Amino acid sequence: EHTHLPDLDLPAPSAGTCRNIFVSNIPSTADEDWLRAVFAPFGSIVSVKSMATPGKRLCYGFVQYSHPSMAAAAISGMHQQLVDGVRLCVKAADRDKDKGISNQPSSSLYISNLPLSHGENEVAALFAPFGRISSVAVLTTPSGQSRCVALVRFQSGKEAASQAIQHLHGKVLDGYDRPLEVKYAETQQERQERKNKLTPLPHPHSLPTPLGSALAHK
């Protein structure tokens, strides 16, 4: 029976429409059977994957449910719970290979879920094994703090970007508890097409009164 802890002011992230959960800080001996046994009470499990290795400091795994509500229940029920002497960290983590990388293949990548400490040098070192890099940019807030998002462009082309996605999408960096999200960056044409799909707000004068009048005179 799992120990239920008091409110730790650490709300579990929402699963939304995601059926997959990411579980970090699992025991180094935890295999697929362990994950299945711990998370089966929350619903029908489609697949499990353990990335635990005996002696490894940071171990993690993935569980996929048949419905998003089951993933949400698992996150709510198991995030920050103590199991077999370890406190689990359970988050939504969609690792579907086709999700999030539907943009046209290109030499440019969009990377999110980076550690806060990763600047341009660290990002460049992470992606350099896959090809020659022409530019790296880490997005920051007005105060200069990293947004944990970066853009990488390969000089060596689309194949390098594809290899980077295959090897780094869903990877958890040492000492971190979130999987990287690596996908093709939007091209200008794709960005414009996406904007064109957005329905523009009507002009204030075309709105029914008194709402239209109120907005028009603001």
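Two strands count as paired if DSSP finds at least two bridges between them. Keep that in mind while looking at this protein, which is a predicted model. In strand E3, for instance, Phe62 is the bridge partner of Phe22. We'll come back to those two residues a few times.

**The overall picture**

The protein has six helices and ten strands. Of its 218 residues, 38% count as buried. If you take the contacts with a separation of 6 or more, 66% of them are between residues 24 or more positions apart. The protein exposes about 12800 Å², and carbon and sulfur atoms supply 51% of that area.

**The sheet with E1**

Let's start with an open sheet of four strands, in the order E2-E3-E1-E6, with antiparallel pairing. Strand E2 (45–50) and strand E6 (89–92) stand at the edges, and each has a single partner strand, so one side of each has no neighbour in the sheet. On average, neighbouring strands here are turned by 20 degrees against each other, direction ignored.

Now look at strand E1 (residues 20–24) and strand E3 (residues 60–65): they run antiparallel and are joined by five bridges. The bridge between Phe22 and its partner Phe62 belongs to this part of the sheet. As a bit of background, strands of a sheet pair through backbone hydrogen bonds, either parallel or antiparallel.

Helix H2 (residues 68–78) lies across E1, E3 and E6, and runs at about 155 degrees to E6.

**Rings that meet**

A search of the whole structure turns up three aromatic pairs. Here are two of them.

| Pair | Arrangement | Centre to centre | Angle between planes |
|---|---|---|---|
| Phe22 and Phe62 | tilted | 5.3 Å | 45 degrees |
| Tyr60 and Phe62 | edge-to-face | 5.9 Å | 90 degrees |

What do ring pairs make of Phe22, Tyr60 and Phe62? They link these residues into a cluster. Phe22 sits in strand E1 and Phe62 in strand E3, so their pair ties together parts that are 40 residues apart in sequence.

Are Phe22 and Phe62 buried or exposed? Residues under 20% relative accessible area count as buried. Phe22 has a relative accessibility of 0%, so it counts as buried. Phe62, with a relative accessible area of 7%, is buried too.

If you want one to look for, find Ile111: its bridge partner in E10 is Val182.

Most residues other than glycine have a negative phi. Which way does Asn113 go? Its phi is positive, at about 70 degrees, although it is not a glycine. You'll find Asn113 in the loop between E7 and H3. Its relative accessible area is 14%, so Asn113 is buried.

Cys148 has a positive phi too, of about 65 degrees, and it isn't a glycine either. Cys148 is found in strand E9. With a relative accessible area of 17%, Cys148 is also buried.

**Cysteines**

How many disulfides does a search of the whole structure find? The count is zero. Cys59 has a relative accessibility of 1%, so it counts as buried. Cys89 comes in at 10% relative accessibility, which means that it counts as buried as well.

Definitions and conventions
Residues numbered from 1 in each chain as written. Predicted model: local features only at pLDDT ≥ 70, side-chain atom pairs only at ≥ 80, totals over all residues. Heavy atoms only, no water. Helix = DSSP H or I, 4+ residues; strand = E, 2+ residues; numbered from the N terminus. Buried < 20%, exposed > 50% of the residue type's maximum accessible area, 1.4 Å probe, protein only. Axes fitted to C-alpha atoms, helices over the stretch in contact; angles between N-to-C directions. Contact = heavy atoms within 4.5 Å. Phe/Tyr/Trp six-rings, centres within 6.5 Å; stacked < 30°, edge-to-face > 60°. Disulfide = S-S within 2.5 Å. Areas by Shrake-Rupley, 256 points an atom, 1.4 Å probe, with all protein chains shown as cover.
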